[in-house]
Amino acid sequence: MRLRGIIGGGGGGGSSRGGATDVGQRRREQVEPGRAAGNGLPDAARSDMALSVRNLSTVFEDGQRTVHAVRDVSFDMRPTERLGVVGESGSGKSALALSILGLIEPPGRVVGGEIHLGGREISKLSDRALGAIRGKDIALVLQDPMSALDPVKTIGAQVIEAIAAHNPEMRRGAARRRAAELLREVDIPQPERRLDDYPHQYSGGMRQRVAIAMAIANNPSVLIADEPTTALDVTTQSQVLALLDRLVEQHGTAVILITHNLGIVSDFCDSIAVMYAGRFVETSGVDHIFLEPTHPYSEALLKCVPNPERLADGPLPAISGFPPDLAQLPQGCAFQPRCPVGREIPECRRQPPRPHEVRGAAGAAIVECHFAEQRIKEVKV
Amino acid sequence: MSTPGASPNPAASALAGGEAGAAGAPVLEADRLSKAFEIRGDERLGRKVDVTVLDDISLAVRKGESFGLVGESGCGKSTLARCLLRLLTPSGGRVLFEGQDLAELDRDELRAMRRRMQFVFQDPFASLDPRMTAGALVEEPLLVHQIGDGEQRRAAVMEMLADVGLTAEQAERRPHAFSGGQRQRIGIARAFVLRPDVVILDEPISALDVSVQAQVLNLLRRLQTQLGLTYVFISHDLAVAEYFCDRVAVLYLGQVMELADRELLFRKPLHPYSVSLLSAVPVPQAGGRSRRAQRAQPIGEISSVVDRPKGCPFEPRCPVGRGREICKGERPPLVEHAARHWAACHFPGEMAIARANGSPPAGE
């Protein structure tokens with residue numbers, strides 16, 4: 001993921017809560033990339049990006065409460081890039097995915113930001129125009145493959161439907177051949193015959209591979225996979241990751257892999273964003289997180305994964321407390337109430353941290369922590 | 001079982017030998033346990049088919065240990081756990097609790113025995129009655145087993161809730177007011193309030209966030225020490241099993257593929273299935289992409305229990321034995337290949353494991 005040029009793109013956590021209007025954000029957006037002279041991403045370069053997200057904010061309004069699910073998130077992805085987005089439930093990972101795809105439904109609302117898909121701004125498009133893009137240029141795979149499959153239609157009918165939706169001129173015979181080809185591509189044995197099976201005749205891993213086949217039917221430039229292997233066994237999981245590998249290598253697809261499993265990020269991704277309370281609190285190349293997790297939340301998340309090597313160290317270092325209520329965010333850093341570093345620091349309590357760019361042994365990172373510069377020198381896993 | 005000449009309970013006999021004193025006595029034993037379900041109505045299978053879900057399983061859980069049952073979905077680990085508690089009636093073989101065959105107990109005796117063997121379920125959302133308060137939920141098992149008077153029960157409930165980190169004030173709340181981790185604490189309190197000897201934990205943390213998983217694992221560890229409990233810990237997550245369990249049995253298609261102490265199983269697995277399973281676990285360390293590129297992909301899909309291979313159940317997918325005559329034709333017995341290390345494989349140890357094992361990645 002391109003780190004530079006994003007710096008300064010978002011203010012602290014508070015910026016999207018108060019007066020950040022569409023206008024304000026758009027203005028900042030126009031200024032930012034150019035101003036980051038040398039480091040920045042010139043507007044012309046944006047079309048080289050598979051996906052470019054700027055200052056994306058999404059809220060859910062429920063009577064009196066406004067839940068800030070995605071708060072001023074910015075990032076860029078090159079073609080073939082594999083970005084892992086990690087965080088706990090409620091951190092905004094799935095809301096981010098749905099916001100990018102224009103699938104947020106009331107009471108949810110995207111309240112600001114821009115989304116450039118292959119250089120084209122898509123966040124203000126009509127539902128109809130978005131429908132033509134979804135499934136063609138950008139596609140989504142969900143945790144539960146059954147949510148993408150209709151139990152009363154054959155696999156073949158559904159894959160053909162996914163192909164035909166964006167290729168109305170294609171003849172039925174050709175679509176069926178393409179469907180069989182897709183199933184073969186995702187390693188379904190005897191694809192011609194199995195086109196006529198129903199979803200329940202497939203195993204869980206095969207259903208997920210079919211869901212992926214449907215998502216890649218039109219060779220999208222961006223694929224968002226939201227916990228695609230969580231419901232699968234480990235051996236099946238590695239088959240699905242191998243399939244995504246081939247997708248990236250053969251079609252140049254950029255993949256956003258949303259997961260709570262840091263191991264899967266290490267296995268598949270080349271960059272990572274750690275999400276907490278609706279923001280990317282640390283973004284970097286993938287190895288950085290495992291060698292020098294600079295944000296205290298990243299470090300805590302990494303350390304609470306059971307590690308047999310640390311058996312003798314006594315209880316697991318669990319993260320105390322709970323994620324903040326996204327309708328009543330702390331004034332300062334959202335992680336401050338749980339943070340082993342900042343819990344007692346007035347600055348952390350009062351002031352949302354700006355994104356700091358730091359550089360360690362494992363490369364650069366953008367870290368939203370007041371102590372980022374100090375921690376990159378000290379932190380060791 | 002295809003173990004002619006082997007002792008009827010190899011795992012138990014392995015425990016009996018050696019390391020006297022260090023090892024606890026067997027408290028819960030499966031002796032050639034089988035379970036078949038009758039399936040009907042599927043046109044592909046004919047009218048009625050017996051599907052064998054557990055196939056001749058023998059193992060022993062020792063007092064005070066955490067015994068892990070790992071394997072992929074459909075391997076029979078949950079069915080085995082339910083047979084061990086006699087929540088399901090086995091089709092063959094015996095379950096012994098402290099040497100007593102559970103099938104020989106009458107209703108009252110079984111009921112009394114059940115009090116000493118409790119179950120914690122995976123889904124803390126589905127397993128709690130939404131209309132009951134946390135306090136009532138924890139008190140319910142005491143009422144069912146008619147333990148104590150109102151006063152004593154209330155005291156026991158409060159003590160138990162405090163043990164799992166919930167307050168007296170929270171005792172008045174209903175499940176929806178709690179987070180996933182807190183609900184699992186209530187589930188644990190319900191199982192532990194009866195002061196059981198053995199607790200079966202069926203994927204107790206799978207539904208929880210990683211940060212909360214750590215809290216619940218810590219809690220389970222503390223209660224085990226505090227109350228001298230024996231755990232049977234069911235998990236599909238091998239990293240968690242490695243962290244939590246003293247000994248582990250790897251199940252595949254209803255059979256024990258390998259059974260060993262934690263270090264032996266995870267450092268020197270003998271069965272190609274264990275090796276495949278362990279290498280497939282993504283490790284949260286730098287260099288995962290290159291690690292994954294190096295490891296062998298398991299072949300194909302898990303075989304169906306309906307259409308179970310004649311020889312070794314793993315043969316059709318096995319990088320070592322696929323197509324080999326003996327593997328196709330002859331089911332390998334579960335044999336002690338090294339001290340305290342059992343495997344059911346014709347070619348044990350032939351497939352080496354490549355793991356990160358906590359060592360720093362290359363290049364660091």
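First, a definition: angles under 35 degrees count as roughly parallel, over 145 as roughly antiparallel, 65 to 115 as roughly perpendicular, and the rest as oblique. The angles run from 0 to 180 degrees between N-to-C directions, and axes are lines fitted to C-alpha atoms, for helices over the stretch in contact.

This is a predicted model, in which local features need pLDDT of at least 70 and side-chain atom pairs count only at pLDDT 80 or more, while totals for chains, interfaces and linings use all residues. Residues are numbered from 1 along each chain as its sequence is written, and chains are lettered from A and ligands numbered from 1 in the order in which they are written.

Helices (H or I, at least four residues) and strands (E, at least two) are DSSP runs numbered from the N terminus. Chain B has 12 helices and 12 strands. Take helix H4 (residues 134-144) and helix H5 (residues 150-163) of chain B: they pack at about 120 degrees, with axes 9 Å apart. H4(B) and H5(B) are therefore oblique to each other. On the H4(B) side the contact includes B:Val138 and B:Leu142, and on the H5(B) side B:Val157 and B:Met160; contact here means C-beta atoms, placed from the backbone, within 7 Å. The residues of this contact divide into 7 nonpolar, 1 polar and 2 charged. Nonpolar covers Ala, Val, Leu, Ile, Met, Phe, Trp, Tyr, Cys and Pro; charged covers Asp, Glu, Lys and Arg; the others, Gly among them, are polar.

Now chain A. An open sheet of 8 strands runs in the order E6-E7-E8-E3-E9-E10-E12-E11, with mixed pairing; strands pair if DSSP finds at least two bridges between them. Its edge strands are E6 (138-141) and E11 (356-360) of chain A, each pairing on one side only. The twist averages 15 degrees from one strand to the next. E11(A) and E12(A) (residues 363-367) run antiparallel, joined by 5 bridges.

What does chain A put against chain B? 36 residues of chain A are in contact with 35 residues of chain B. Helices H8 (234-251), H9 (262-268), H10 (286-291) and H11 of chain A each give two or more residues to that side. H8(A) has the largest share, 6 residues. That side of chain A divides into 19 nonpolar, 12 polar and 5 charged residues.

Note on methods: Contact = placed C-beta atoms within 7 Å.
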